[in-house]
Amino acid sequence: MAPIEIEDLTKRYGDLAANDAVVFDVERGEIFGYLGPNGAGKTTTIRLLLGLIKPTAGTATVLGADIRDRRALTGVKTNIGYLPDTLGFEERLTGTQVLDHFARMRGDERRAELLDLFRPPLEKPVETYSSGNKRMLGIVQAFMHDPDLVIMDEPTSGLDPLKQDRLHQFLEAERDAGTTIFLSSHVLSEVQRVCDRVGIIRAGKLIALENIDDLLTQSGKNVWVHLEEPVENARFLTDDMIDVEVTGATIQFTYTGDVKTLLAHLVQFEIVDADIGDPQLDDIFKHYYGDEGETDATNEDATREDTTAEVE
Amino acid sequence: MTAILRNESGKLLHSSVLLTGMLALLSAFMFAAYPGFAEEAEFVEEAFPPVLIGLFGFEALHTIEGFVASYLFSLIWILFAGMFFAYVSAGLIVEDVRTRKMDLILSNPVSRESVVLQKVAALWVPLVVVNAGLLVVLLVGASVLGESLDPVDLGMVLLLSVPYLLVCVGIGIVLSVTVDRVETAQASALGLVFILWLVDGLSDMDPDFEWIGTFTPSRYFTPTDVLVHQEYAYGDAGILLAVFLVLLGLAVVIFARRDI
């Protein structure tokens with residue numbers, strides 16, 4: 001049984017569906033990225049999984065416990081770590097006292113090891129902490145009881161790039177050691193960097209569920225070509241090229257076809273320099289979000305819609 | 001599983017000591033007025049509008065027991081301490097929900113029932129601190145005035161005040177699990193305890209409306225009965241305890257079922 005199994009999970013507030021029939025599983029020993037902009041419903045799913053709010057319809061199991069069964073869910077929480085987006089610590093306590101408090105409820109066998117990696121000022125009251133220090137304290141409390149499943153809501157917000165990197169490396173090591181990690185983020189590069197699979201949520205609906213690698217492959221290659229001299233578009237461009245931008249002798253586009261075909265095509269031209277690489281998840285993300293909210297389609301939007309069709 | 005009880009107890013120590021200090025100061029001022037009161041007790045009882053006499057339940061003002069029971073206890077205990085306990089318990093749950101502390105608390109293997117019960121149980125701190133503090137203040141105050149209060153009666157009146165204060169706690173905790181805003185919950189709790197105190201006193205004055213007072217908790221705790229007449233109303237204390245348990249049960253049931 002997968003650590004998290006979500007079946008048609010729905011949460012409505014009046015007419016608004018914060019989660020609308022969401023379905024996916026998070027497998028053992030993977031880092032699953034739950035991606036979406038603010039307000040898409042990521043935190044709602046997480047709070048449903050922890051039993052903080054009740055589903056309107058559908059359900060989910062977390063480490064085998066049905067989220068509607070409060071007693072069972074409470075029981076498995078010894079094996080769950082949680083890093084909320086808003087860290088509600090007892091502000092007047094020092095970092096040490098906060099950790100002591102949580103340790104009394106679920107243990108802290110890995111505390112010392114974690115404090116070597118993430119170092120909040122333990123002797124100071126939490127109310128004096130910067131947001132980065134609070135986040136580090138949050139990371140320590142989420143992992144210190146060596147849980148099988150860790151749920152993290154925007155784990156890197158407030159962390160400087162160096163500490164973000166440290167967290168990412170740590171998460172990969174934890175994953176390799178068998179811990180299942182479910183993290184939500186609106187930071188695309190983070191998900192691309194660290195996650196094995198990604199679920200994209202928009203307006204409460206899960207709109208994509210892919211391996212990161214597949215997602216990147218499906219969405220083609222980013223190609224940049226610098227020619228010796230400008231050529232006629234009609235001669236150079238093929239149907240597999242989308243999002244084309246021509247500036248003099250420089251052409252940039254996304255290539256959706258086979259790379260070999262592309263190379264065979266390119267050798268017909270006098271090329272000074274070329275670059276073929278994976279697109280940023282950012283671009284893919286735009287494809288999923290770009291067509292909503294901008295219905296009065298500009299040229300750019302029209303191109304995006306084409307691309308969305310390609311991706312899907 | 002007592003981590004929350006322990007944490008909450010520590011949190012309440014500061015405010016309990018502060019409250020005890022303030023009540024002690026207030027008691028000292030009231031004690032200072034006692035000699036004048038005692039000399040002119042008859043005059044005072046006549047001069048006070050009947051409404052006020054009814055509110056405070058003035059009785060035997062010329063004795064230290066009557067003074068302490070009907071003036072000091074009525075005001076400090078039934079009104080101020082009652083409001084304090086209602087106020088504090090009204091903040092227990094809703095504040096943690098609003099500040100998202102509850103999200104972290106409930107990510108631990110602890111049931112919602114246990115969270116409410118441990119938080120309410122932590123109110124043993126103000127109960128003990130305020131009672132012990134006031135006991136000392138009363139004994140010292142009386143001896144400074146050259147009077148003496150029976151320690152047994154004094155102990156009894158403090159003990160019998162606990163069920164009354166617990167009902168105030170019950171009112172607060174029910175508001176704390178039902179109201180969405182901290183300020184609203186606390187203000188409602190304060191206001192409700194004040195109004196109940198007022199209704200009890202006012203309904204006492206008119207035999208036609210006296211029955212209304214049976215729905216107020218202060219009707220079941222009468223300090224003058226204990227201090228002046230040495231009557232210990234265990235039955236009334238039992239009623240108050242039962243009401244407290246019902247309110248607490250209600251709060252637990254509501255909190256266990258709601259979204260936070």
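1. Let's start with the sheet in chain A. Four strands of chain A make an open sheet in the order 2-1-4-5, and the pairing is antiparallel. Keep in mind as you look around that this is a predicted model.

2. As background, strands in a sheet pair through backbone hydrogen bonds, in either a parallel or an antiparallel way.

3. Strand 4 (residues 57-62) of chain A pairs with strand 5 of chain A over two bridges, in the antiparallel sense. Which residue stands opposite A:V62? Try to spot the residue in the model before reading on: A:A65, in strand 5 of chain A.

4. Next, the place where the chains meet. Here 19 residues of chain A are in contact with 16 residues of chain B. On the chain A side, the elements giving two or more residues are helix 2 (70-76), strand 6 (80-83) and helix 3 (95-106) of chain A. Helix 3 of chain A makes the largest contribution, with five residues.

5. Over to chain B, which has another look.

6. How is chain B packed overall? A compact globule of 260 residues would have a radius of gyration near 18 Å, and chain B, at 19 Å, agrees with that. Along the principal axes, the C-alpha trace of chain B spans about 60 × 40 × 30 Å. Of the 260 residues in chain B, 45% are buried. Take the contacts in chain B between residues at least 6 apart in sequence: 76% of these join residues at least 24 apart.

7. Finally, the annotation. An unreviewed UniProt entry places the feature "transmembrane region" at residues 12-34, 71-94, 121-142, 154-175, 182-199 and 237-256 of chain B. Two of these spans are worth checking against the model. Residues 12-34 of chain B are 100% helix and 0% strand, with end C-alpha atoms 32 Å apart. Residues 121-142 of chain B are 91% helix and 0% strand, and their end C-alpha atoms lie 32 Å apart.

Technical notes. Residues numbered from 1 in each chain as written. Chains lettered and ligands numbered in written order. Predicted model: local features only at pLDDT ≥ 70, side-chain atom pairs only at ≥ 80, totals over all residues. Rg over C-alpha atoms; globule rule 2.2 N^0.38 Å. Buried ≥ 20, exposed ≤ 12 C-beta atoms within 10 Å, placed from the backbone. Contact = placed C-beta atoms within 7 Å. UniProt positions renumbered as here; feature names shortened; annotations may be inferred. Pairing = 2+ DSSP bridges.
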